[in-house]
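Visitor: I would like to learn how to read a few features of a structure. Please show it to me and take them in turn.

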Amino acid sequence: MVTDQMEAAMSQYTPTTGTIVDINWQSTNPAEIGCGLMLTLQSQDQGIVNILVDGSTYVFHNTPLNTGDTVTCFYSTLAPVPLIYPPQYQGVAIVHTPAGVYAALDTFTQSFYGRQLVNSDDTLRLNLSNQTQLVLPNGQPFGGVLSGKLLLVIYGATTRSIPAQTTPDEIVVFCGDTV
């Protein structure tokens with residue numbers, strides 16, 4: 001029962017941050033040749049990992065991916081993963097995260113402490129400001145309620161408190177259940 005409660009509180013999306021060391025075209029279907037990429041990352045937390053990137057992968061600001069770039073890639077904890085080395089994940093969202101830039105992909109809800117939004121495992125609280133850009137994945141402005149939505153949060157510095165608090169620079173709002 002405790003495990004079920006812990007799993008319910010965890011995010012469906014897991015990040016891995018690292019440097020792109022290789023990019024290759026990826027396809028097993030001749031009709032899809034040139035439609036997918038395999039990124040090889042030297043990640044900070046898992047060593048070498050491969051990330052599949054296709055047309056369904058959200059790339060923040062549609063920024064081209066290049067070897068040497070530092071990125072944070074999110075993948076679903078619910079998606080099947082082949083038991084191979086290096087690990088291979090289907091990328092859900094990718095954000096360029098040079099030094100001092102961080103990203104989180106999670107469902108955020110209104111906290112008990114006022115206007116703050118808190119992620120699913122209460123490790124990050126958002127303090128919104130008038131400078132925080134709220135946009136949809138297509139770049140159009142978002143004007144609704146953020147609580148209960150899947151958010152890609154781009155931010156810089158956080159407090160050293162538990163949970164960490166930050167004022168995001170930009171939030172991409174996914175109005176459906178998934179990216």
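Predicted model: local features only at pLDDT ≥ 70, side-chain atom pairs only at ≥ 80, totals over all residues.

Visitor: What is the order of the seven strands in the open sheet?

Guide: Strands (E, at least two residues) are DSSP runs, numbered from the N terminus, and two of them pair if DSSP finds at least two bridges between them. Here the order is S10-S13-S11-S7-S8-S9-S12, with mixed pairing. Strands S10 (133–135) and S12 (164–166) are at the edges with a single partner strand each, so one side of each is left without a neighbour in the sheet.

Visitor: In which sense do S11 and S13 pair?

Guide: S11 (residues 149–155) and S13 (residues 170–174) are antiparallel, joined over five bridges. Within this pair, valine 153 is opposite isoleucine 171 of S13.

Visitor: Where is the peptide bond cis with omega near -5 degrees, and where with omega near 0 degrees?

Guide: The value near -5 degrees belongs to the bond from tyrosine 85 to proline 86; proline 86 is in the loop between S5 (70–76) and S6 (88–96).

Visitor: Is asparagine 62 buried or exposed?

Guide: Buried means under 20% relative accessible area, exposed over 50%, and partly exposed in between (1.4 Å probe, protein chains only). Asparagine 62 is exposed, at 68%. Its phi is near 50 degrees, a positive value in a residue other than glycine.

Visitor: Which residues lie nearest the centre of the largest pocket?

Guide: On a 1 Å grid over the protein atoms alone, a pocket is an open set of points with protein on both sides within 12 Å along at least five of seven lines, and lining residues have an atom within 4 Å of a point. Of the 22 lining residues, Pro15, Phe74, Ala103, Ala104 and Tyr155 lie nearest the centre. Strands S1 (13–25), S5 and S7 (102–110) are the elements that each give two or more residues to this lining. The largest share, five residues, comes from S7.

Technical notes
Residues numbered from 1 in each chain as written. Heavy atoms only, no water. Helix = DSSP H or I, 4+ residues; strand = E, 2+ residues; numbered from the N terminus. 1 Å grid on protein atoms, 1.4 Å probe; cavity = no way out; pocket = protein on both sides within 12 Å on 5 of 7 lines; lining within 4 Å.
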